[in-house]
Amino acid sequence: MKTGSTVLAQRSYAAIVSSAMDAIISIDAQQRIVLFNPAAERIFGVPAREALGQPIERFIPNRFRGTHADHVKTFGKTGVGNRRMREAGDAIGLRANGEEFPVECSISRVESGGRTQFSAVVRDVSERRRTEEALRQNEQRLEKIVAERTAELRECIAELEAFSYSLSHDMRAPLRAIRDFSQVVLAENGEKIGAPGTDYLKIVIKAAERLDRLTQDVLTFARLSCQPMQLEAVDVEKLVRSIISERPEWQPPRAVVEIASPLLPLGGNEASLTQCVTNLLGNAVKFVAHGTTPWVRISTEAGGDKVRLWFADNGIGIDKRVHRKIFDMFQRQHSRAEYEGSGLGLAIVRRAVERMGGEVGVVSEPGQGSRFWIELPKAQGAEQPKLAI
Ligand code: ADP
């Protein structure tokens, strides 16, 4: 006898089946359809009265029918309990009009009184798959556009760099001619010309020299981007000592450069590191208050698989707000009349370090000196000297 709650449960079960958005189909052990809800009618394009009693194969594409039959035979046989089993997965459905479509289904097997039924909740995912496919295609299109634009930009940058390289290169010969001939005129005819003519000539010589330094920096910068870079273990201490030995202006009494020996070796490119050390040391010695003897301390610090090379100075310091900016091209914080320079020194350092796979930075405040650092991978395979104290 049916109790009130059983009737209620059956009615709500029937209501769920008939109002479900997904197809709900049940088949018996002979794979004949015994339940076909309204959503199944809509999705498969067949009224329930036509579907009931039909083999389920009707809604499965030919090539999957054998596998499906095998699946029904083994379904639930390997699981725990073996009375109710569930499975979910992707499959292909077949509509009455012959159209195939992707479905997601969850199947359960129910046994009662020696009879077995399989019920499937079948979701038509063709719309979702179309959207996914459209999204995928859009993504591919976007990736293609980005790749094309990047290639165009790279080409454009390469052209500009080649242009600035050849311009700078070609400018150096006439510049040297201007400087050298002005010097000749000054030396041979200076007395005859007299002031202010000789002062003007001196200005021409200074300007030509400044422009020559600028073109050299532009050449260095451009070269950094077009040349392949070989990375190797670099003995930084040896490198720093040899750079300083060639520059009397970085030695006592004109300046004091301390080395916190031993410096750790770095993984980098020797030529590029020479450029970085030269530029950072040059700045450290240059940007000091007038009348102050420049003092610089070079040290290394290990951190994980990286090493930081520090340049601490007793210079004029740098406002926090411009710490990032000074590594950009032509960013100078001090007038040229005060401190000579092209505004490319730190841009060269950053580009070189980035090309070696590292980073640059500065810790500084006005009046407190500056501590510039470059961080590069530890030298591979090189024996690591002990950390400097
Ligand atoms: P340049 O030295 O030719 O001016 P850089 O690119 O080397 O160009 O430096 C950019 C600016 O950063 C400098 O003009 C200066 O204002 C600031 N700067 C760089 N190094 C130091 C330093 N050690 N101490 C103080 N200011 C510095």
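This is a predicted model: local features need pLDDT of at least 70, side-chain atom pairs count only at pLDDT 80 or more; totals for chains, interfaces and linings use all residues.

Reader: Which parts does the pair of Asp90 and Arg129 tie together?

Author: Asp90 lies in strand β3 (residues 85-94) and Arg129 in helix α5 (residues 126-193), so the pair ties together parts that are 39 residues apart in sequence. Asp90 is exposed, with a relative accessible area of 57%, while Arg129 is partly exposed, at 28%.

Reader: Which residues are linked with Asp90 in a network of salt bridges?

Author: The network links Asp90 with Glu104, Arg128, Arg129 and Glu132.

Reader: And how many salt bridges does a search of the whole structure find?

Author: The search finds 22 salt bridges. One of them joins Glu127 to Arg130, with the closest N and O atoms 3.1 Å apart; both residues lie in helix α5, three residues apart, which is about one turn of the helix.

Reader: What about Asp212, which residue does it form a salt bridge with?

Author: Asp212 forms a salt bridge with Arg172, and here the closest N and O atoms are 2.8 Å apart. This pair links distant parts of the chain, since Asp212 sits in helix α6 (residues 197-226) and Arg172 in helix α5, 40 residues apart.

Reader: Is Asp212 buried or exposed?

Author: Asp212 has a relative accessibility of 7%, and because buried means under 20%, Asp212 counts as buried. Arg172 is buried too, with a relative accessible area of 18%.

Reader: Changing topic, which residues touch the most other members in the largest nonpolar core?

Author: That core has 46 residues, and those touching the most other members are Leu281, Ile298, Phe372 and Ile374. Helix α8 (residues 270-286) gives the largest share of this core, with seven residues.

Reader: What is Phe372 in contact with?

Author: Leaving aside neighbours within four places in sequence, Phe372 is in contact with several residues, including Leu280, Trp310, Phe327, Leu346 and Val362.

Reader: Now the strands, please: what is the order in the open sheet of five strands?

Author: The order is β7-β9-β10-β12-β11, and the pairing is mixed. β7 (256-259) and β11 (359-364) stand at the edges with a single partner strand each, so one side of each is left without a neighbour in the sheet. From one strand to the next, the twist averages 20 degrees.

Reader: In which sense do β7 and β9 pair, parallel or antiparallel?

Author: β7 and strand β9 (residues 295-303) pair in the parallel sense, over four bridges, and Val257 stands opposite Val296 in β9. Helix α7 (residues 236-245) packs on the sheet and touches β7, β9 and β10 (306-313), with its direction making about 165 degrees with that of β7.

Reader: And what does β5 pair with?

Author: Strand β1 (residues 23-28) pairs with strand β5 (residues 115-124) in the antiparallel sense over six bridges, and Ser26 stands opposite Ser119 in β5. Strand β4 (residues 100-112) and β5 also pair in the antiparallel sense, over 10 bridges, and the bridge partner of Ile107 in β5 is Ala120.

Reader: What phi does Gly113 take in the hairpin of β4 and β5?

Author: In that hairpin, which has two residues between the strands, Gly113 takes a positive phi near 55 degrees.

Methods. Residues are numbered from 1 along each chain as its sequence is written. Side-chain values use heavy atoms; hydrogens and water are left out. A salt bridge is a side-chain nitrogen of Lys or Arg within 4 Å of a carboxyl oxygen of Asp or Glu. Buried means under 20% relative accessible area, exposed over 50%, partly exposed in between (1.4 Å probe, protein chains only). A nonpolar core is a set of buried Ala, Val, Leu, Ile, Met, Phe, Trp, Tyr and Cys residues joined through side-chain atoms within 4.5 Å. Contact means heavy atoms within 4.5 Å. Two strands pair if DSSP finds at least two bridges between them. Axes are lines fitted to C-alpha atoms, for helices over the stretch in contact, and angles run from 0 to 180 degrees between N-to-C directions.
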